[in-house]
Every structure is written in structure tokens, then in C-alpha cells.
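Let's take a friendly walk through a few packing details of this model. Please have the sequence and the 3D view at hand.

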Amino acid sequence: MSSAFPHHIVCSSLSFAWPDGTEVFDGLDLAVGPGRTGLTGLNGSGKSTLLRLIAGELRPAEGTVRVSGGIGCLPQNVVLDTALRVEEVLGIAATRAALHAIEGGDPSEEHFTAVGDDWDVEERARAVLGELGLGHIGLDRTIGEVSGGEGVLLRLAALLLARPDVLLLDEPTNNLDLYARRRVHAAVARWPGVLVVVSHDRELLELVDRIADLHDGEVRWYGGNFTAYEQALAVEQEAAERTVRAAEADVQRQKRELADAQVKLARRKRYGQKMWDSKREPKIVMGARKRSAQESAGKHRIMHSERLAEAKERLDEAVEAVRDDDEIRVDLPRTLVHPGRGVLRIRDLTLRHGGFVAAEFEVRGPERIALVGRNGAGKTTLLRTLAGELAPVAGEAVTEVPLRFLPQRLDLLDDELSVARNVARFAPEATNNRIRAQLARFLFRGAAADQAAGTLSGGERFRATLAALLLAEPAPQLLMLDEPTNNLDLASVRRLTAALSAYEGALVVASHDMAFLESAGITRWLLLDEDGLRDVAPEDLPGREG
């Protein structure tokens, strides 16, 4: 296609609902041109669904999706057959086999047809693998021999090798270590065509050219990267809040004017009744005056009532323009750990799936520890061992305070029970009133606390799980979190940070999300690698360079 007609995505009057009737879009319009677009929105707003509609994986109930050029999509959850070879994942197995046959002396026409002009396919494949830090992986290896993070990068490598005109990425840096994240960031920065990325990775969103904000089934556009978007949104919200305050003042003014008018009309009515009773004027004159006064009073009352109704309508519109940015506000004094108190001890610890950790290691007082390391280093295994879910091969790990562990998979809740009853499972001595009062601080107010856990969105489920852990009895004085920001929108990440700011116990969090770790008040950084567990300075973390 010529430069006069660049590749693009156009969605017109797009409507989609899930089989259970849950509506996602109703008449959505969207047009995306060349460059890097960051698609943002709250959990449950439909970002992943929209990418699947664009990719053709889902069919809209109404409307159309048009994509000019070839399209490639990296889904949020990459699942690959472990028996596949790397060349098959990259989509070059047939071309490579034909190339090798020709090089072996077989001149069959079908081999030349299979190769076409792609004589340097192996060199290009190795170059793309090298760009993503996978240069050590041979084309003949199987997926079962690589880590989960490497599998995600291989799927991305296949897309880069295919060079589609339109590239869709759904949370591409989830579960990737710092090394891998840097490779994805670089690939996004170099992408020459149309790119749409859904991500909560702030560093990645700083690389885009524009933000498409999906909110209440509509898309609003903001030029620039995520920082520019936040600044523009802050200006919008400040203006919207000023409008709300002005509308509220107008409603109060209209109420006062209506009340004043009613007082005046009451006075006139009393005066007219007095004149009628005293018969100071002829009955016909007083009757005409009474009818006129009643008509005037009715018109006056209707006018002020209409003005009040209009003022209330303007207030409702102004309130709708202000986004719900409620933060978790919770007081957790019973989680306090005094400085110097022993919290956790490790001695001669060897993990079941991660090897040797440390000869001797100790956590004291309310330390806030970031546990970092490459994919496959054993961070999750270490946390599960500390939580008592896995027995070590050798050595011991002893916790000296009440402990709670938030796993990646968020499977602590019983889907059949309400949010309130789930929390009650962790705090059986707490009264229903206390549970509901605390849940309100986690933004589960009124009927929301009675919602079944199985019906919650991703962000709601995370908040409910966090509430269950933090409100548990005895109060946790050591809290361990495993990749807590995976699949959370940025508003939910802010809520998590707010909740942790009220937590006064010791914290151990495994995460690759540096922006989150830096906002969580981390006081100690621990690196887990093949040499075991050791303290590092944040600026010396492997993968932070370049």
C-alpha cells in the first residue's frame, strides 16, 4: 500500500456482549493509524476484548472491524505446546526445511517455491532472537526446554519475524524479568507500523505516541506518552471538579430561590385571605384578584421548580465527568512490628525447585523487601517455602510473626461465597458490622460486599483478596506478595500502593514492576540468582542498564 494510504484499524458502530448477556460495547467507534498507541482503561473495561475483536478472534454482534494490511497479535496469556520446536513457533520450519534440502542437493521445484525470496531466513531469525536476548536458544530446541518468560519472547519474536503491518500486544511484559522487559521495550520503540499495546507497565507506556483511553464504552484520545496523558487527565479532572462545585452551588441557590418564592407566595395568600375575610373590596374584585394571584403563583412555582430541575441535571452531568478515583483507606495498627524484632530466619536453606538460597539470613523489624531476580530463579518457590506450602530439600525457614501470602493466581477466595463471607473465613471472631465497616474502606460498600466472589472483575477480586489477608486474625505482621500487579490496571496499582502505605508490618514482595516497587517504600532489595540470596543496591540490579 502506498504512503498516501497508510495501514490502519477502523471499528465502526461496534457492539459486543458475552453469551451471558454482559454487554461490553454498544456502538463503539475507533480509528487507529500508524505509530504506537497505548490502550488504557480500568480492569473490565474491555481492552483485551477489543484487541480480540480487531484480531478477528471474536465476532461483533453489530458493526464492522476493518484492518488494512497483515495483522499479528500477542495475547495476554501465551500458551505453547511444549513439544514444539523453536523454528515451528517462529513459523519458519517449512522454509528452513526446504532451504536445507536445496543445500543438500535436492533441486525439486517445491523447495524453491517454499523458500521464495527468503534465503536468509535463518540469519533473520537469529538476529530477531538476538534482539530479544534469546541468542542462546537454538532453532531446533523444544519449548519444553525454555522458561515461561522465554516462551513469551519467542511468540513476540515470531511476530517481529513475520513483520505484520499491524501489531497488537496484550500485557506483553507480564511475568517478564527486567532483562526481558528491556528487550520488549526496545522492540516496541523500534516498531515501524501500526502498534496497539495494552499494558500496566508504565515504562512501556512512556514509549507510545498517543494514549487511547477506554472508559464507559468510549475511547478518548490523548497525544503523547503516559506522563502526558496523566497530566492532561489531571487538568480535565480539575476542571470537572470545578464544574461540579459550581453546579452544586447553583442547585443550592435554586433551592433557596424556590423556598423564598414559596414564602412570598404564602404571605400573599395570607394577605388575600385576610382581605377576603374583612370584605374590604367587592367580592367580584377579590375573586378576580385571587384567581390572578393563583395563576401567578403557579407560574412562579413552576418556573423555580424547572430551574431547580435544570440545575440538578447540570450537576448530574458534571458529576459523571468526574472519574471515580476512590483510594483504599484503611487503618491497620495491629500489623505493627517494632524495629529490631525478629520476623524471619533462614538457615542452610535449599529449595525443592530452586537450589541453594542462603546459609544464614534474617529479616528484622518492619522491613519492606523487594525480592527480584530473573525468570526461573526460584522467587515463587522461595515464597511458597516461606509460607509453608512447600517443604525445603534441606535447612529451615522460620517465621516468628503471623504470616499471610498472596499468590500470583489469586485463588484464596471461595467463588461461591460473598466478599463479606470470604473475609469472615479469615477473621472468624470479627462481627459482621466490623467486617462490613472495614470492607467499605476497601471500596466494597453496601450491596457490593454481598457480591459473590466468582462474579468479581480482576481488579475487584484482587481488592477482595487483599482485604481478606489484611483484615485476617491474627493480624499479619509479615505479608508476602508474588507479582501483585500482574493484570492490574494502573488505578488498581495505585489502590494497592495506598493499602500498603497503611500496613505497618514486614513486607516481602516479588515483582518485576520497578515503578510499583519504588512507590511501595522498599527499604531493602534482595537478588535471588544461581549464587543464592543477597542484598543489592537498586541501581545495581541486573537488567536496569540500557
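Which residues in helix H1 (residues 47-55) are buried? They are Lys47, Thr49, Leu50, Leu51, Leu53 and Ile54. Do keep in mind that this is a predicted model. H1 is followed by Gly56, and the phi of Gly56 is positive, near 85 degrees.

| Helices | Angle | Axes |
|---|---|---|
| H5 (residues 121-131) and H6 (residues 148-162) | about 130 degrees | 10 Å apart |
| H14 (residues 458-470) and H15 (residues 490-502) | roughly 10 degrees | within 11 Å |

Let's begin with H5 and H6, which pack at an angle of about 130 degrees. Because angles from 65 to 115 degrees count as roughly perpendicular and those over 145 as roughly antiparallel, H5 is oblique to H6. The crossing of H5 past H6 is right-handed. On the H5 side, Arg124, Ala125, Val128 and Leu129 make the contact, and H6 contributes Leu154, Ala157, Leu160 and Leu161. By residue class, the contact of H5 with H6 has 7 nonpolar residues, no polar ones and 1 charged.

Now turn to H14 and H15, whose axes cross at roughly 10 degrees. Angles under 35 degrees count as roughly parallel, so H14 is roughly parallel to H15. Here H14 brings Gly459, Phe462, Arg463, Leu466 and Leu470 to the contact, while H15 supplies Ser492, Arg495, Leu496 and Ala499. The contact of H14 with H15 divides into 5 nonpolar, 2 polar and 2 charged residues.

**Aromatic rings**

How many aromatic pairs does the count come to? The count is 4. One of the pairs joins Phe226 and Tyr229, with 5.3 Å from centre to centre and 45 degrees between the planes. Planes under 30 degrees apart count as stacked and those over 60 as edge-to-face, so the pair of Phe226 and Tyr229 is tilted.

Where do these two residues sit? Phe226 and Tyr229 both lie in helix H9 (residues 226-278), 3 residues apart, which is about one turn of the helix. An α-helix has 3.6 residues a turn, so residues three or four places apart point the same way. Are Phe226 and Tyr229 buried or exposed? Both Phe226 and Tyr229 are buried. Tyr222 belongs to the picture too, as ring pairs link Tyr222, Phe226 and Tyr229 into a cluster.

Definitions and conventions. Residues numbered from 1 in each chain as written. Predicted model: local features only at pLDDT ≥ 70, side-chain atom pairs only at ≥ 80, totals over all residues. Heavy atoms only, no water. Axes fitted to C-alpha atoms, helices over the stretch in contact; angles between N-to-C directions. Helix = DSSP H or I, 4+ residues; strand = E, 2+ residues; numbered from the N terminus. Left-handed = near helix turned anticlockwise from the far one by under 90°. Contact = heavy atoms within 4.5 Å. Nonpolar A, V, L, I, M, F, W, Y, C, P; charged D, E, K, R; others polar. Buried < 20%, exposed > 50% of the residue type's maximum accessible area, 1.4 Å probe, protein only. Phe/Tyr/Trp six-rings, centres within 6.5 Å; stacked < 30°, edge-to-face > 60°.
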